[in-house]
Amino acid sequence: MSVLVVGTTALDSIKTPSAENPRLLGGSASHAAIAASFFAPTKLLGVVGGDFPAKYIKLYQKHGIELAGLERVKAGQTFHWSGEYEVNMNNRRTLDTVLGVIESWSPKLPGDYKAAPYVLLANIAPPIQHAVIDQLSRPKFIVADTMDLWMNIMLPDLLRLLKRVDAFVLNEGEAHQLTQEDNVFSALKKIHKLGPKYVIIKKGSHGAVLSGPKGFFIAPAYPLKKVVDPTGAGDSFVGGMIGYLASAKGDVEKNLRRAIIHGTVTASFCCEGFGVVATTKATRQAIDARVKELEALARF
Ligand code: AMP
């Protein structure tokens, strides 16, 4: 079955302690759609400006990503994010965010997008996430991601969104900001009360925790020896997860743990290069090999 991914399609300028790279392909939807495309047919919904390089369109196409829902505003500027990492790459600082064409974008789903069964509302302004749900005809499973910025400036919209999605994915810092709980398990309990049946808290290089009707699942991270750039790891995680769910037989409850492990592994490839460079070099075979390794490491 297919996956619809909406989110930012961006140009990212990224600084790590060892290198600096301007105007790379980035954005929550770019990372997530490329990750999902390893597992299932993927439709991208987003908007770019006239400055968006043709080579990045070709990259989406190389992954078989459907682009009927990628709008281009010739006179506008593509969303641009710049960030800087500390030596401990779990810590980063946003240096600048230019919303550009996203600021006035109201998404319109092309006909066949409306019937997408698996929907990922990747990190973008909550009103855009709502506008996408409003146009869906028969969603089977909706996952939403977010970030601290939207909690700061659009909390009521985000809280309303949580009542409309099946699963919510956020990182540890965001979970703390939303609930005022330091303890991950107390935070999970509070977030369920806001609406979602499944909640996943990402813990960077320490893995992720899923909470659902059948209890918790603790997923380790893939043990990478060298992280080049973790930008987009969270988006690759959730993209890989929903892509795997869309490809698997049976219901979500049955497949969610394996989906999280496939998301974890897809995110590990993302961290091995700047932007999407390493993710785009991965293969389904290489992903499956790391899943097996992780399975062996976590079994006891
Ligand atoms: P992650 O590392 O998974 O948190 O995702 C990083 C990606 O999120 C980058 O490629 C950015 O372009 C994108 N991004 C940064 N700020 C925002 C924002 N305010 N809304 C949506 N996407 C963003």
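## Notebook: contacts, ligand shell and one buried glutamine

I began with the contacts in this predicted model. Of the contacts in the protein with a separation of 6 or more, 64% are between residues 24 or more positions apart.

**Overall form.** I looked up the secondary structure and found eleven helices and 13 strands. The radius of gyration is 18 Å, close to the 19 Å that the globule rule gives for 300 residues, so I noted the protein as being as compact as a globular protein of that length. Taken along the principal axes, the C-alpha atoms fill a box of roughly 55 × 45 × 40 Å.

**Surface and interior.** I noted that buried residues make up 55% of the 300 residues. The protein exposes about 13100 Å², and carbon and sulfur atoms supply 54% of that area.

**Helix α1.** I asked myself: why is helix α1 described as largely enclosed by the rest of the structure? Nine of its nine residues, 28–36, are buried, so the helix counts as largely enclosed. I listed some of the buried residues, including Ser 28, His 31, Ile 34 and Ala 36.

**Gln 129.** I then went to helix α3, residues 126–135, where Gln 129 is found. Is Gln 129 buried or exposed? Its relative accessible area is 0%, and buried means under 20%, so Gln 129 is buried. The side chain of Gln 129 reaches the backbone oxygen of Leu 121 at 3.2 Å. A polar atom of that side chain also lies 3.0 Å from the backbone oxygen of Asp 145. Leaving out residues up to four places away in sequence, I found that Gln 129 touches Leu 121, Ala 122, Ile 124, Asp 145 and Leu 161.

**The ligand.** Next I looked up what lies around the ligand. I recorded 19 residues surrounding the ligand, the closest being Asp 12, Gly 27, Arg 92, Gly 232 and Asp 235. By class, this shell has eight nonpolar, eight polar and three charged residues.

A polar side-chain atom of Thr 8 lies 3.0 Å from a nitrogen atom of the ligand. Asp 12 has a polar side-chain atom 2.4 Å from a ligand oxygen atom. For Gly 234, a backbone N or O atom lies 3.1 Å from an oxygen atom of the ligand. The protein covers 92% of the 510 Å² of accessible area that the ligand has on its own.

Which elements give two or more residues to the shell? I found β2 (10–15), β6 (79–85), α4 (148–153) and α8 (233–247). The largest share, three residues, comes from α8.

Key. Residues numbered from 1 in each chain as written. Predicted model: local features only at pLDDT ≥ 70, side-chain atom pairs only at ≥ 80, totals over all residues. Heavy atoms only, no water. Helix = DSSP H or I, 4+ residues; strand = E, 2+ residues; numbered from the N terminus. Buried < 20%, exposed > 50% of the residue type's maximum accessible area, 1.4 Å probe, protein only. Polar contact = N/O pair within 3.5 Å; in protein donor to acceptor, adjacent residues only side chain to side chain. Contact = heavy atoms within 4.5 Å. Near = heavy atom within 4 Å. Areas by Shrake-Rupley, 256 points an atom, 1.4 Å probe, with all protein chains shown as cover. Nonpolar A, V, L, I, M, F, W, Y, C, P; charged D, E, K, R; others polar. Rg over C-alpha atoms; globule rule 2.2 N^0.38 Å.
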